[in-house]
Amino acid sequence: MMLEAFLLLAAALLAVGLYGALSQQSIVMVMMGLELMVNAVMVAAAAVWFHVSPQLPDGQVLVLVAMLAMAVEMAMGFAVAIAIFRARDVDVTDSAGDLRG
């Protein structure tokens, strides 16, 4: 019963994150949607790994390391978003597309 509850939670997080990433124009809101989707994958991975081998903490440790890497990645993404905003006063994804040149 617990595995189904965690997988349902992960599916809900994934759905909300997908909606947030696809429906928003703000860079920060898109990044928050992506964060929710990655968190959904982490919850599902930890739940499945705990269901498969509850005595071994290897899966949970791997998920914690992945969460740490994700936190660093999101911090760098927010730093880039802040740099874009300070340089061009742009906070929407359509206006930030001309930064390639």
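**From the surface to the helices**

The accessible surface of the protein amounts to about 7000 Å², and 74% of that area belongs to carbon and sulfur atoms. The coordinates are those of a predicted model, and every value discussed below should be read with that in mind. Buried residues account for 24% of the 101 residues in the protein.

The overall dimensions can be considered next. Taken along the principal axes, the C-alpha atoms of the protein fill a box of roughly 50 × 25 × 20 Å. The radius of gyration is 17 Å, whereas a compact globule of 101 residues would have a value near 13 Å.

The secondary structure comprises three helices and zero strands, and, read along the sequence, these elements follow the pattern α-α-α. Of the contacts in the protein between residues at least 6 apart in sequence, 57% join residues that are at least 24 apart.

The buried residues of helix 3 are G59, V63, M70, M74, G77, A81 and I84, and they pack against helix 2, which runs over residues 27-52. Beyond the end of helix 3 comes D89, whose phi is positive, near 55 degrees.

Helix 2 also contains V41. Is V41 buried or exposed? With a relative accessible area of 52%, V41 counts as exposed, because the cut-off for that class is over 50%.

The database record can finally be set beside the model. An unreviewed UniProt entry lists residues 30-50 and 62-85 under "transmembrane region". In the model, the span of residues 30-50 is 100% helix and 0% strand, with its end C-alpha atoms 30 Å apart. Residues 62-85 are likewise 100% helix and 0% strand, and here the end C-alpha atoms lie 35 Å apart.

Note on methods:
Residues numbered from 1 in each chain as written. Predicted model: local features only at pLDDT ≥ 70, side-chain atom pairs only at ≥ 80, totals over all residues. Heavy atoms only, no water. Buried < 20%, exposed > 50% of the residue type's maximum accessible area, 1.4 Å probe, protein only. Helix = DSSP H or I, 4+ residues; strand = E, 2+ residues; numbered from the N terminus. Contact = heavy atoms within 4.5 Å. Rg over C-alpha atoms; globule rule 2.2 N^0.38 Å. Areas by Shrake-Rupley, 256 points an atom, 1.4 Å probe, with all protein chains shown as cover. UniProt positions renumbered as here; feature names shortened; annotations may be inferred.
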